[in-house]
Amino acid sequence: MLSVRLLVVPACCAVAAAMLAACSPSEPATLEPSASASLLVDPAPSPTDSLLAAPTATAATVGGLAPGFPSALLPVPDDATVLLSSAEPVPDSDLVTISLNLRSDASAKALLAAVGKPLEKAGFTRSDPDEKEPELAVQASFTRHDGKEHVLLGILDSGGARTLTLSGQVEDVA
């Protein structure tokens, strides 16, 4: 019985080797892409291509208000530190795209009032989302002129300080 097993194992290995040899080509594989495959590949970047995006007309400012930011409509609370802001005119319109990030020790309710009350006085309508982001202490949106102008606001409450972030499009008052 042992001698039959000793003959079966080498025979099975020989059959497997013969099958593999029959399946493999006798020439090495060609790694050249086909014509259709080469159409899908973008050309390689040249050494002079920049890794940074092309500059845009965006006016962003770190640590202050960007030129053209509508501070009369969106005043910065007295105790707040502006982290980043931007204001960019929307081509072929009377709108400016804005963003503002600031940090404050004021309560989330006080921050919302400081930003929301001037918007409401200017005719914006406040609405709260149906489903609030769980990480945010406050979330609200403000719209005017049937939604032509809109401001989205979120306040993150973290470690005794709040970070307010807002973005939107409002009429360019400049």
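**Figure 1. Pairing of strands β6 and β7 in the predicted model.** H150 stands opposite Q169, a residue of β7. The two strands, β6 and β7, run antiparallel and are joined by 9 bridges. Between them lie 2 residues, which complete a hairpin. Within this turn, G159 adopts a positive phi of about 60 degrees.

**Figure 2. The hairpin of strands β5 and β6.** An antiparallel arrangement also links β5 to β6, here through 7 bridges. F142 is placed opposite V151, which belongs to β6. The hairpin has 4 residues between its strands. H145 of this hairpin takes a positive phi near 55 degrees.

**Figure 3. The largest nonpolar core.** This core comprises 26 residues. Those with the most contacts inside it are L74, I98, L119, L153, I155, L164 and L166. At least two core residues come from each of β2 (81-89), β3 (95-104), α3, β5 (138-144), β6 (149-158) and β7 (161-171). Helix α3 gives the most, with 5 residues. In soluble globular proteins, nonpolar side chains tend to be buried together.

Figure 4. Apart from residues up to four places away in sequence, V115 touches L74, L153, L164 and L166.

**Figure 5. Contacts of I98.** I98 is among the residues with the most contacts inside the largest nonpolar core. When neighbours within four places in sequence are set aside, the residues in contact with I98 are F69, P70, L74, S86, A87, L166, S167, G168 and V170.

**Figure 6. The buried serine S104 in strand β3.** S104 forms part of strand β3. Its relative accessible area is 2%, and because this value is under 20%, S104 counts as buried. A polar contact of 3.1 Å connects the side chain of S104 with the side chain of D79. Excluding neighbours within four places in sequence, S104 is in contact with D79, A80, L111, A161 and R162.

How values were computed
Residues numbered from 1 in each chain as written. Predicted model: local features only at pLDDT ≥ 70, side-chain atom pairs only at ≥ 80, totals over all residues. Heavy atoms only, no water. Contact = heavy atoms within 4.5 Å. Core = buried A, V, L, I, M, F, W, Y, C linked by side-chain atoms within 4.5 Å. Buried < 20%, exposed > 50% of the residue type's maximum accessible area, 1.4 Å probe, protein only. Polar contact = N/O pair within 3.5 Å; in protein donor to acceptor, adjacent residues only side chain to side chain. Pairing = 2+ DSSP bridges.
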